[in-house]
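Student: Could you walk me through how to read a few features here? I would like the general idea, then the case at hand.

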Amino acid sequence: MNIILLGPPGAGKGTQARRLVEERGMIQLSTGDMLREAKDSGTEMGERVAKVMAAGELVTDEIVIGLIEEKLKGDNGGGFIFDGFPRTLAQADALGELLEKYGKTLDAVIEMRVDDDALMRRITGRFTCGNCGEVYHDETKRPKVDGVCDVCGASDMKRRADDNEESLRTRLMEYYKKTSPLIGYYYAKGKLRSVNGLGEIDEVAASIAKALG
């Protein structure tokens, strides 16, 4: 089974992708992870990625699609989860062509719906343990002892620099302008399944499992 997880920044796509990897043996294709992996690989494609990133330029569609194609050539295990790709209609067309080229199908597109204000509270309140990566939140999941990780006992709490209201509104605007048209695109193809992305992690996972059948 090959699926796309679609939703704004902070909707929980990465968290749910990891659950699907664990439970179904699927392979998560996160563009961010692939770019970092390529940059350190020493391959010809990796050198192109490193050069673009070092110059502070945006990675082109050609490069991202090339990285996706490299993954599609290999063993797909229980299928692929496209996380963070496609972001535009042009990328969606390119993905469709790649899947057809390698004899694969897109089975479902899971839209993780969120309320912007609730999403804002979720994102601006989150922080993580710098040692083990455990995620906390100012309102919904504080550590038992302030400043001390429940999991590993470290006292190195971090917040992402872009987890602030101004930055998030900019990222949301970018999403609505470029990526939200994909909702209509995949609805027209009969692939779209919508779930509430703001429930508890287990609730969202159950909704996704039901949507996938």
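Student: Where is the place of cysteine 152?

Tutor: Helices (H or I, at least four residues) and strands (E, at least two) are DSSP runs, numbered from the N terminus. Cysteine 152 sits in the loop between β6 (135-137) and β7 (157-158). A word on the source: this is a predicted model, where local features need pLDDT of at least 70, side-chain atom pairs count only at pLDDT 80 or more, and totals for chains, interfaces and linings use all residues. Residues are numbered from 1 along each chain as its sequence is written, and side-chain values use heavy atoms, with hydrogens and water left out.

Student: Is cysteine 152 buried, exposed or partly exposed?

Tutor: Buried means under 20% relative accessible area, exposed over 50%, and partly exposed in between (1.4 Å probe, protein chains only). With a relative accessible area of 35%, cysteine 152 is partly exposed. Cysteine 129, found in strand β5 (residues 126-129), has 2% relative accessibility and therefore counts as buried.

Student: Which residues is cysteine 152 in contact with?

Tutor: Contact means heavy atoms within 4.5 Å. Leaving aside neighbours within four places in sequence, cysteine 152 is in contact with Cys129, Asn131 and Cys132.

Student: What does the UniProt annotation "binding site" cover?

Tutor: UniProt positions are given in the numbering used here, feature names are shortened, and annotations may be inferred rather than shown by experiment. In the unreviewed entry, "binding site" covers Cys129, Cys132, Cys149 and Cys152. These span 24 residues in sequence, yet no two of their C-alpha atoms are more than 8.7 Å apart, so they gather at one spot.

Student: How do I read a salt bridge, and how many salt bridges does the count come to?

Tutor: Look for a side-chain nitrogen of Lys or Arg within 4 Å of a carboxyl oxygen of Asp or Glu. By this rule the count comes to 18 salt bridges. One of them joins the side chains of glutamate 62 and arginine 48 (3.5 Å, N to O). Glutamate 62 lies in helix α4 (residues 61-73) and arginine 48 in helix α3 (residues 44-54), so the pair ties together parts that are 14 residues apart in sequence. Glutamate 62 is exposed, at 55%, while arginine 48 is partly exposed, at 34%.

Student: What joins phenylalanine 85 and proline 86?

Tutor: Check omega: a cis peptide bond joins them, with omega about 0 degrees. Proline 86 lies in the loop between β3 and α5 (89-101).
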